[in-house]
Amino acid sequence: MSTDKTIKTTTVKSAVGTEFKANLWAMADKLRNQMDPGEYKHLVLGLIFLKYISDTFQVHRNQIEKTVSDPASEYFVSEEPAEYLGALEERDYYTKDNVFWVPAQARWETIRSQAKQSNIGLTIDTALIAIEKENEVLRGKLDKRFGAAQLEPSRLGELVDLISKIGFDQGEQAQDILGEVYEYFLGQFASAEGKKGGQFYTPGSVVQTLVAILSPHQGRVYDPCCGSGGMFVQSERFVKSHGGRVDDISIYGQESNPTTWRLAAMNLSIRGFYADLGKEPADTFAKDQFPDVKFDYVLANPPFNISDWGGERYESDARWQYGRPPVGNANYAWLQHILWKLKPSGQAGIVLANGSMSSNTSGEGQIREAMIKGDVVDIMVALPTQLFVNTQIPACLWFLSKKKTDNRKGKVLFIDARKMGTMDTRVHKVFTQEDIDKLHRTAESWRKDDGYEDIPGYCKSASLAEIEENGFVLTPGRYVGAEDVEDDGEPFDEKMTRLVGELKDLLIQGQALDQHITQNLMRLGYE
C-alpha cells in the first residue's frame with residue numbers, strides 16, 4: 001500500500017478512479033431490486049473477495065509458469081506445457097508466499113462460465129466452502145449465503161459479470177484497488193442501511209483522526225467491537241506511513257454480529273493482515289474472547305447509548321473499577337471494559353455520543369468523576385456534526401491513558417473541532433488531511449510538552465481543579481472559551497460611530513439610486 005513518509009498522518013494514493021467506483025456502485029445498486037441492503041452487501045462484498053483472491057492466485061500462477069518453464073531457473077521443469085502443468089497445481093508454491101490456495105472449481109473463470117446457469121448460487125457457495133477447506137485462516141469466516149439468497153439466478157449472474165469488471169491482476173497495486181473498492185462499498189452500504197449501517201462501518205476520516213491522535217506504533221492493538229475492521233486497517237497504514245513494519249503491531253478484535261465478524265475477517269485477509277478475531281463471534285461483555293490478554297492500544301467505536309447490553313447481569317464485575325455502569329446505557333461499560341483491557345502503560349481512543357461527556361443519569365456523573373480523579377482521561381475532542389452517515393447523534397472522541405507522562409499528570413487536553421471539516425456531499429462532512437494533521441500536531445505537542453500553547457476557541461490544557469470547578473463535565477466548549485477576535489486598534493465607541501455614519505451614507509445613496517431608476521422608467525413610458 002503506497003504511503004508518504006514525510007507527512008505526520010496517513011495518506012494513501014488513490015488507485016481507483018472515483019468515477020469507476022461510482023459507476024460500479026450504481027450498476028450494483030440497480031441489481032439490488034427488492035433485496036434489503038443488509039443482505040445484499042454480503043453478496044456484493046463476498047463476490048469482490050472471491051474475485052480478488054482468484055485474480056491474485058492467477059497472477060502468482062503466471063509467475064510460477066515462467067519460473068518452471070525457464071531453463072535458467074533452479075525450479076525448471078520443462079519448456080513443454082504438458083510436462084509442467086502439474087507443477088502449476090503444487091499448493092506449496094502458493095502458500096509459501098502467503099497466497100491463498102484457490103482450488104480449480106473456485107477460480108473466477110470457472111464461476112463466470114456458469115454465471116447464467118440456474119444453480120449459480122450453489123456453485124458460488126461450493127467455491128467458498130472449497131476455499132475455506134484449503135485455507136485454515138479463512139475457515140468459518142466466509143459468508144455462504146448465495147444459494148439461499150432471494151435474488152433471481154439471472155440477477156446473480158449479472159452481478160458476477162459486473163464484479164468481473166474489477167481487475168485485481170495489477171501486481172502490488174491489487175491490494176490498493178481492492179481496499180479502495182471495499183471501503184467505498186462499505187460506506188455506500190452504510191448510507192443505504194441508515195442507522196443499522198453503524199454496526200459495521202465507521203467513516204474513514206473519523207477512524208484516521210482517532211488513529212492519528214492515538215499514534216499506535218507498535219504492540220498489541222485491540223478493538224472490542226471491531227465491525228468491519230476499519231480501525232485495524234488505518235492502524236497498519238499509520239505504522240507504514242511512519243516507516244514501520246506491518247508486523248510491528250498485533251491485531252486483536254471481537255465482534256458479536258456473525259455476518260459482520262465474517263466481513264471483518266475478509267476485509268483483513270484481503271489486505272494480507274493477520275488478525276485474531278477470536279474463535280467465534282461473541283458479546284464482548286458476556287464472553288470476552290481474550291480474557292487473559294492486555295493491550296498496548298485500544299481503538300473502538302461502540303454503538304452509541306445502547307440500552308440492551310445486558311447490564312443487569314454484571315452487578316459485581318471486576319471491570320467496574322470506577323463504578324457500576326447504568327443498566328440502560330452501555331457508554332460507561334465500554335469505557336471501563338477498555339480501561340480494564342489496557343496494559344499498565346496502555347492508551348485508548350474511543351468514539352462515543354456527546355452525552356457521555358456531561359450526563360449525570362443513573363450514576364454516570366459519579367463514574368466520570370472517579371475516572372477524572374483517577375487521572376485516566378487524557379484528551380477530549382468534540383467532533384462536528386454530519387461526520388456519520390448513519391446517525392445524527394453528536395459525537396466526541398475520548399482518549400484514555402493508564403500512565404501519563406509527568407507533564408500530563410493532573411491535566412486533560414480539550415480540543416473543540418466542531419468548526420473543522422469540509423462538506424463532502426450535501427449532507428455529509430469529512431475531515432480533510434489538513435484537519436487530521438492539525439489535530440495530530442496539537443495532541444502530539446501537548447503530550448511531548450513541545451511548543452504546545454492554548455488557543456482560545458480551539459484547545460485548552462485544563463487542570464483537574466478546573467474540571468472539578470465545572471462539575472466534572474468534559475465538554476471541550478466549557479474550557480477552550482471563545483475564539484479571539486483580531487484587535488484592529490480602533491476603540492469600540494469610535495468604530496460604532498464610524499460604521500453608523502457609513503450606513504447612513506449608504507442609505508442616502510440607495511434612495512438617490514431608487515429615484516434615478518424611477519425617473520428612467522417614467523421616461524421610457526413605465527409608470
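How many bridges join β8 to strand β11 (residues 459-463)? Five bridges join these two strands, which run antiparallel. The structure described here is a predicted model, in which local features need pLDDT of at least 70 and side-chain atom pairs count only at pLDDT 80 or more, while totals for chains, interfaces and linings use all residues. Residues are numbered from 1 along each chain as its sequence is written, and side-chain values use heavy atoms, with hydrogens and water left out.

Strands β8 and β11 belong to an open sheet of nine strands with mixed pairing, in the order β3-β2-β1-β4-β5-β7-β6-β8-β11. Its edge strands, β3 (275-276) and β11, each pair on one side only. Two strands are said to pair if DSSP finds at least two bridges between them. Strands themselves are DSSP runs (E, at least two residues), as are helices (H or I, at least four residues), and both are numbered from the N terminus.

Strand β8 (residues 411-416) is largely enclosed by the rest of the structure, because five of its six residues are buried. Here, buried means under 20% relative accessible area, exposed means over 50%, and partly exposed lies in between (1.4 Å probe, protein chains only). Towards β11, Val 412 stands opposite Ala 462. Strand β6 (residues 377-382) is joined to β8 by four bridges, and these two strands run parallel. Within this pairing, Ile 379 has Leu 413 of β8 as its bridge partner, and Ala 382 stands opposite Asp 416 in β8.

Strand β6 is also mostly covered, with six of its six residues buried. Five bridges join β6 to strand β7 (residues 395-401), and these strands run antiparallel. Ala 382 takes part here as well, with Cys 396 as its bridge partner in β7. Elsewhere in the sheet, strand β4 (residues 295-300) and strand β5 (residues 342-353) pair in the parallel sense over five bridges, and Phe 295 stands opposite Leu 342 in β5.

The surface may be considered next. Asp 70, Glu 79, Glu 80 and Glu 83 gather there in a patch of negative charge. Like charges are joined within 9 Å, and nonpolar side chains (Val, Leu, Ile, Met, Phe, Trp, Tyr) within 5 Å. Glu 83 lies in helix α3 (residues 81-84) and counts as exposed because its relative accessibility is 55%.

Notes. Patches are made of residues with over 30% relative accessible area and no salt bridge: like charges are joined within 9 Å, nonpolar side chains (Val, Leu, Ile, Met, Phe, Trp, Tyr) within 5 Å. Accessible areas come from the Shrake-Rupley method with a 1.4 Å probe; for residues, only the protein chains shown count as cover. A salt bridge is a side-chain nitrogen of Lys or Arg within 4 Å of a carboxyl oxygen of Asp or Glu. Lys and Arg count as positive and Asp and Glu as negative; His and the chain ends are not counted. The place of a charge is taken as NZ of Lys, CZ of Arg, CG of Asp or CD of Glu.
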